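Please find below my notes on the model you sent. They are set out as numbered points, starting with a single residue and moving on to the whole chain.

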Amino acid sequence: MSPGLDAAMAKSVCIALRSIAAGGRLVIGTIHQPSSDTFALFTHVMLMTQGRLVYMGPRKTLATYFEKLGDHTLFCPKNYNPADFFVVLVALHPQDVDASQRRIDGLVSAYQASAEFEAMSDWQEDVEDPDLLLYHRSFKMRHFQSSGRTQFWLCLKRNVRALYRDPMSFGASLGSGLITGLILGLAYASPPNAPVTAQQVKNTQGLFFLANLQTFLIVLYATVIAFAAETKVFMRENQAGANRVGAYYLSKTLTGWANEIVMPFVFAVLIWAMAGLQRSADAFFIFAGVMILNALCFGSFGYCLAALTNDPQIALAIAPVLVLPNIVFSGIMYDLNLVKGIREFLSYISILRFSIGAMMSNEYRPSTTRFTPEMPNPEHVLENLNVLSLSTSLWALAGAAIVFRLLAYLLLLLRTSRERIKVM
């Protein structure tokens, strides 16, 4: 029971649980010093101290059991709340530690030698798996209590309800996209289909870099904070055999698309409408698609970071390690025509490079009539920027999104296995 409940509320909760138990379900709960009326609602009692059993059996025979031990100090007085009396009886008293410890040891030994202990241990003879009888151990769940499909739908419903109950997190990401989209749109505003000049190419490349970087940061940090915090609950569910890794991860991925698709699409609409970009339907959808793929890639990065730890602060501390190489080798801060060796390899794993390259290829396509004598053809523009082809960039983004999403799943699967081993 929650420690914040008063006596009346605790009794109301116990009455509700008793009605559930009356319907044929097993209800187990913990409670500390309930009122006598509340205590009377329990059918069975497990009295523990220092992690050891002192009594386990029907509530009605609790006082009778201690009376059979023959020590008058163990007798619960008449008209006295049994819950108060027995909780104090098995507690370790700071004012007399040695005496109370001897009393506790004696009560534990007496129970282990009692007929009640033997009666409550008979069920162990019917347990086929000996791992279930190990104390302070967990065991690998070979069979979950429900199918993977059922767990997936339940997780999906829970995640959708969480979005409705806490719209602030999604609203914050969407609001960030709207505000930064307006800022970038105003900063780079120009007439539609503006003539291609060296300055215009430089501005467009800068716009694409900032747009993709902002999407990167919004999605990555939102994913890390949300997913890392939720894994605490999932780890307990998984160890209890209530939730598979695959069911949970797939449902979380689907609901995460609300942030990874809606926000970058709105962001793309604002930028495309205000900046002087290629005015055609296919050019817009490719531009928006690249923004979404970029968000999916960095959402996958966020899942990888969050799968490593359930502490968002630790995951966010690791995030700059991913941010820096993506920025440096994006083609904005460093001339990619000069990279050799390990730096050339790093340039090919920069998601921002592929995102910006896809947008530049989409913007400066051969069919456009916007080129000027200063910039006579798209090949001249793209070769100077060392931009990969549009199809290559799109396939690279889609592949990165899938690979890192699968990597996050494997990391979470490995972590659940390690958590089981740790407590064994």
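1. Leu-250 sits in helix α10, which spans residues 245-274. The model is a predicted one, and in it Leu-250 has a relative accessible area of 44%. That value falls between the limits of 20% and 50%, so Leu-250 is classed as partly exposed. Its C-alpha lies 7.4 Å from that of Phe-152, although 98 residues separate Leu-250 and Phe-152 in sequence.

2. On the overall make-up, the protein contains 16 helices and 2 strands. It has 424 residues, and 39% of them count as buried. Among contacts with a separation of 6 or more, 72% join residues 24 or more positions apart. The accessible surface is about 23000 Å², with carbon and sulfur atoms making up 64% of it.

3. The largest pocket holds about 1200 Å³ of space. Its lining consists of 34 residues, and those nearest the centre are Gly-29, Phe-42, His-44, Val-45 and Met-46. Four elements are listed as giving two or more residues to this lining: α1 (7-22), β1 (44-49), β2 (52-58) and α4 (82-89). The biggest share comes from β1, with 6 residues.

4. With a relative accessible area of 42%, Gln-50 is partly exposed.

5. Asn-79 is another non-glycine residue with a positive phi, here about 60°. Asn-79 is placed in the loop between α3 (62-68) and α4. Its relative accessible area is 87%, which is over the 50% limit, so Asn-79 counts as exposed.

6. How many disulfides does a search of the whole structure find? The count is 0. Cys-14 has a relative accessibility of 5% and counts as buried. Cys-76, at 17%, is buried because its value is also under 20%.

Definitions and conventions
Residues numbered from 1 in each chain as written. Predicted model: local features only at pLDDT ≥ 70, side-chain atom pairs only at ≥ 80, totals over all residues. Heavy atoms only, no water. Buried < 20%, exposed > 50% of the residue type's maximum accessible area, 1.4 Å probe, protein only. Contact = heavy atoms within 4.5 Å. Areas by Shrake-Rupley, 256 points an atom, 1.4 Å probe, with all protein chains shown as cover. 1 Å grid on protein atoms, 1.4 Å probe; cavity = no way out; pocket = protein on both sides within 12 Å on 5 of 7 lines; lining within 4 Å. Points joined across faces, edges and corners; volume = space filled by probe spheres on them. Disulfide = S-S within 2.5 Å.
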